[in-house]
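Open your viewer, switch to a cartoon view, and get ready to select a few residues at a time. Each stop on this tour tells you what to pick and what to look for.

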Amino acid sequence: MRHLLAVVTALAFTGIAGPSLAADVSGTWLRDTGASKVRFSKCGDAICGHIVWLKPGADPKAKIGQRVFFDMKPNGENTWSGSAFNPEDGKAYTGKMSLIGD
């Protein structure tokens with residue numbers, strides 16, 4: 001099973017574009033918590049992720065089809081920066097996600 005570690009932090013972007021070193025994250029990934037699966041695909045010039053599966057008993061505020069990652073752009077090797085939506089508090093945060101494994 002492919003896993004995706006998502007780290008959401010309130011960080012400011014530097015605005016400096018670097019070379020695209022990130023692997024292809026397209027596909028369906030199990031979140032590091034095991035509570036949901038997110039399908040990542042191109043959306044414009046970025047990557048977006050939508051919930052496609054929820055573990056029984058998972059956060060009742062999370063919904064299948066809900067977009068939880070948006071405007072994610074390569075920011076280093078196997079790393080993307082953009083925004084993430086947290087269904088628990090209903091807020092969007094700037095942050096980064098990292099690909100671990102294959």
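**Before you start**

This is a predicted model, in which local features need pLDDT of at least 70 and side-chain atom pairs count only at pLDDT 80 or more, while totals for chains, interfaces and linings use all residues. Residues are numbered from 1 along each chain as its sequence is written, and side-chain values use heavy atoms, with hydrogens and water left out.

**Stop 1: the whole chain**

Colour the protein by secondary structure. You will find 0 helices and 7 strands, and reading along the sequence gives β-β-β-β-β-β-β. Here helices (H or I, at least four residues) and strands (E, at least two) are DSSP runs, numbered from the N terminus.

Of the 102 residues, 31% are buried. Buried means under 20% relative accessible area, exposed means over 50%, and partly exposed is in between (1.4 Å probe, protein chains only).

Among the contacts with a separation of 6 or more, 40% are between residues 24 or more positions apart. A contact means heavy atoms within 4.5 Å.

**Stop 2: β3 and β4**

Select 36-43 for β3 and 46-54 for β4. The two strands run antiparallel and are joined by 8 bridges; two strands pair if DSSP finds at least two bridges between them. Find phenylalanine 40, which stands opposite glycine 49 in β4.

Now move to the turn. The β3 and β4 hairpin has 2 residues between the strands, and glycine 44 in the turn has a positive phi of about 70 degrees.

While you are here, click on serine 41 in strand β3. With 33% relative accessibility, serine 41 counts as partly exposed. Leaving out residues up to four places away in sequence, serine 41 touches Ser26, Ala46, Ile47 and Cys48. Try the distance tool too: the C-alpha atoms of serine 41 and glycine 27 are separated by 6.7 Å, and these residues are 14 residues apart along the chain.

**Stop 3: β4 and β5**

Strands β4 and β5 run antiparallel, with 3 bridges joining them. Two pairs to look for are isoleucine 47 with its bridge partner methionine 72 in β5, and histidine 50 opposite arginine 67 in β5.

**Stop 4: β5 and β6**

β5 and β6 pair in the antiparallel sense over 4 bridges, and proline 74 stands opposite tryptophan 80 in β6. Their hairpin has 4 residues between the strands, and glycine 76 takes a positive phi near 115 degrees.

Most residues other than glycine have a negative phi. Asparagine 78 is partly exposed, with a relative accessible area of 24%.

Then go to aspartate 71 in strand β5. Aspartate 71 is not a glycine, although its phi is positive at about 55 degrees. Its relative accessibility of 46% makes aspartate 71 partly exposed.

**Stop 5: a serine in β6**

Is serine 83 buried or exposed? Serine 83, in strand β6, counts as buried at 16% relative accessibility. Not counting residues up to four places away in sequence, serine 83 touches Val68, Phe69, Phe70, Met72, Tyr93 and Thr94.

**Stop 6: the nonpolar core**

Show side chains for Val25, Phe40, Phe69, Met72, Trp80 and Met97: of the 14 residues in the largest nonpolar core, these touch the most other members. A nonpolar core is a set of buried Ala, Val, Leu, Ile, Met, Phe, Trp, Tyr and Cys residues joined through side-chain atoms within 4.5 Å. Elements giving two or more residues to this core are β3, β4, β5, β6 and β7 (91-100), and β5 gives the largest share, 3 residues. In soluble globular proteins, nonpolar side chains tend to be buried together.
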